[in-house]
Amino acid sequence: MLNHPSPPSLQWLLLCTLFWACGCNKAAYSPGEGRNVWQQPKMDTIETQSFLHDTFPLEFLWGAGTSAFQTEGAWDQEGKGRSIWDHFINSSASDSLVTEAASVVSDSYTRWEEDVKALELLGVRSYSFSLSWPRLFSDGNARSQPNRAAVEHYTRVIKKLQEKNIEPIVTLHHWDLPQVLQEQYGGWKNDTLVGMFQEYAAFCFHTFGSQVRYWITMHNPYLVAVQGYGTGVHAPGETGGLSVSLIVAHNLIRAHAKAWHTYNSHFRPTQKGKISIVLGSHWVEPQKGRATAANVDFCQQSIEAVLGWFANPIFGDGDYPVSLRTKHGALLPTFTPEEKLWVQKTADFFALSFGPNNFRLGRNLIQFGQSVTPDLRRILSWIKLEYGDPRVLVAEAGWFSEASIGTEDTVAIYLMKSFINQVLQAIKFDGVQVFGYVAWSLVDGFEWNYGYTVRRGLFYIDFTEPNRTRTPKTSALYYQRLVADNGFLKDEASGEVNGRFPCDFHWGISESTLQVHFYPFSPQFTDPHLYSWNLTGDRLLHPIPGVKLHTRPAQCTDYLTIHAHLRLFASTGASHYCFALNWSLILPHGDLSNINTEALRYYRCVLTELKKMNLEAVVILYYPTHRAPNLGLPGQLHASGGWLNHSTVEAFQEYAALCYQQLGPWVQYWITINEPNRLVDVYSNGREKHQAAHNLLLAHAKAWRLYESEHFHQQKALVSLALHADWAEPANPFLDSHIAAVQRFLLFELGRFLDPLLGTRHKGKNSKGGYSEEMQTYLEERAQVMGLPGTPLPSFNESEKEELRGALSFVALNHFTTRLVSPYLQTQGNSQQKQPPDHGCLTLSDPTWPSSSLKQAIVPQGLRKLLNWVNQRYGGALPIIVTASGIDDQAPVEDKLRQHYLRSYMQEALKAHQVDGVNLQGFYMWKLQDRHVSQFGLFTSTQHLSKAKDSVAVYRKIISHGGFPVDNTTQTCRFSEQLYQQCSMCEWMFKNKAMLIFGGCLLITAVMFVALIIFVIVHKRNQRRGRRRTNRRRRRDGVPVCLCPPVAKRQL
């Protein structure tokens, strides 16, 4: 038996003196430094959230892991003794199937070579697995004879791993304590196990150590102490509460330290290995993100209560955190001064477990509004600051999937992607020395107290199948790609390009329905009365009886709201303004029986003022509100069925004709209906959705045909409808069903409306008119599966097909974000919910995408892919205009998120135009001004003085340059820059009009004063010159110079 030697008393006193003296100075370890993670100001949202495309260090140790009890099986074969988990499962499991399966689990004891092949498929460089203590020593006593079969098994495994250049990371104890030690000594409650563990460790070092470079003494002792002996959720199932958990933790720490010293003194000199302990943790953020001193203290105490409980003695000062000593008082066991020095620094690297088990327990530890978050980067930074920048191995990382998921574990891919990218950010940005990552776990296994209800493996195993075949899940394929790339390679197409858009490119801003203000600013021309003021000394105006003046209607110039609004728009440098009319305001009854001429007049004023400013208008006839009561329709039309009634189609044609006639001379671009594909979502069932879409298409076609036949030859405007056009990516790119779901999603979102209008040019042929064959076939098959009598899709007759065909002058797309799409799977959980969408797709979001406060993901490349999809499907003959694009940003003025959005999306638009040859002719930012709180507006609301946000300057610069030219110079072919300069001067003068008036008065006064002085001076000079000339003339003529008599003094 190898024992840790006790130092002599004199040496001990000298050592203690030195230790405490060093503690007075700045040491490598500074307790509590981890709190700086919360105290440091967070980076800007886009920088914090951005996904890092980069690679890991060349020698990064990619790996996968398992534990003996969870995967080996063969629980009573070839001399294996019972473990506490064997006993716990057999004594407490009510399901005989679970008990039987737990006896075999993944059968890795006999199928270990299949596990090695799985590792080879992944391409990893390490394999973390545990030795079974009761398999090596059935009685738990390392002084007895070892189980030769077990020794040979583990020797074969390690040898095979080395043959495959896979580094073994061997754990001595992963929770499967021999049952005999629990029965004889009470398990880890008894400090006798400290010595017995040391003997067991010494045997393993001696037997396998020459082939092992990385050792782990034990895995996540926190869960052993709390769940095994405190709450009884884990084996051995004891419910001793806090006091017992504290004792067990104390013994586990001492057992680890003793094993470390054994290796350090007797095996390290020859084996040259490293040894540590895997410690688990959660992560917390302060209440509402407020990093006050008190909130930070609460967060620090939460982490210390889990990770610091074990890490502080080993990686810190050799003792428990002060917060634990204060909280638990006498309940907490103490380390003697000798033990503190002996326990301290007993790990060669920091091994971290970051998974769901600790997170569930972490939720019980939060208080005062803290939130538990899966932020691996932050906990790694905390470890660096708290414990003096150790080398770190992420020894367990991964999440659960439901057992029913099978091999298509889509969510697991994104959790893995998020965790691994957080590790990369910790390395690159925070300087954390992470040298390896172990994905947990290699194969499906027995998940402790959750049994087989959840899975964590990269390889799927059917536990009812005798062969226990290892089938790679899609997360395994994703991990394989990450390992091969050594990280996240940057897409070559993601780099920036230089270039300009054409001179006639639309630089626009879009709004929703324009607010109409009926009353002019001043009543001076509309009030017929004549007034007298202050006749009675009351300082009031009184109308003079019997006097009536001639009045005139209010002029456009009287509506100061129009001028103020358009001044904001013009100051951006944009050339095109897109806004919507209010159908229900213009025609309150939905027909021509009651026309609101004042509303039309107001819109006419807006349009004429835009023309005066050399700006173009893009006018939307119908802007649905997407909500009750009327969806933006006149009340009577909605009451009669709205878009489910064909009469609304005819009513819309009448309304369009009125608008073309009254407003057409000032409009060059018309949008008939905004986002009809979003409007149909408000209908409750599939038939209603399709009928509404059907009638919306017909309404647009009739309005388009009307304009072409009656107005185009004079007004020359272009007419379209605008579709909401988010891009879609397969949620799981490794599954054909997800790839097909993306095409189906785009077909229903865009093709449902564009195919009848434009036909399709994919597969080398045009469509026959009407809806696409793909859509019709899918709905027919779906109706058969659901037992419906027939397809819910209406059909167009031949005349309607002809009316629809070609009824589009340009393609208008409103693009904001990209979505992940997966097939909608009918399960017991959602079978009772509302009917699935017609396209049969679910939409998700990648958690690694940066997003706004409204959870809108920023995925710039989605815009380019969308434009190419439309261009390829419909042939590219028609121009494409992005009629709305933007993002919410809560910043009052410094809207950095929107600035990033604007630059990155405009870059992708330029690539689509310049590199891909897409006929893109415009890009409109959404929107001009906030209504109340800061969201999508380029300007703050009127309540906040309509201040320009910083993104306005960014947009103005892009517009003035015409894009992103190499020389960063102004685009000379546009007039908008000159226009902007004039308008910006006007805007400045308007804002400072009081100062300008005062300055003007001073200037006029000064000029008049100077002029007066000059006049006086010139006048006096002329008088003197005149007198001199007169005197000279008189002298010449002999006339006395002065004829005045002498003045005699008065005699008094």
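Biologist: Which residues in helix 22 meet which ones in helix 24?
Modeller: First, this is a predicted model, in which local features need pLDDT of at least 70 and side-chain atom pairs count only at pLDDT 80 or more, while totals for chains, interfaces and linings use all residues. Residues are numbered from 1 along each chain as its sequence is written, and side-chain values use heavy atoms, with hydrogens and water left out. Thr561, Ile562, His563 and Leu566 in helix 22 meet Tyr602, Cys605, Val606, Glu609 and Leu610 in helix 24, where contact means heavy atoms within 4.5 Å.
Biologist: And at what angle do the axes of helix 22 and helix 24 cross?
Modeller: The axes of helix 22 (residues 560–571) and helix 24 (residues 597–612) cross at roughly 45 degrees and come within 10 Å. That makes helix 22 oblique to helix 24.
Biologist: Switching topic, where is the kink in helix 15?
Modeller: The kink in helix 15 is centred on Gly308 and is about 70 degrees. Helix 15 (residues 293–315) has 23 residues, yet its end C-alpha atoms are only 25 Å apart, short of the 33 Å that a straight helix would reach at 1.5 Å a residue.
Biologist: What does helix 12 meet in helix 15?
Modeller: Pro221, Tyr222 and Val226 in helix 12 meet Ala305, Val306, Trp309 and Phe310 in helix 15.

How values were computed: Helix = DSSP H or I, 4+ residues; strand = E, 2+ residues; numbered from the N terminus. Expected span 1.5 Å × (residues − 1). Bend = angle between axes of the 7 residues up to and from the residue. Axes fitted to C-alpha atoms, helices over the stretch in contact; angles between N-to-C directions. Parallel < 35°, antiparallel > 145°, perpendicular 65-115°, else oblique.
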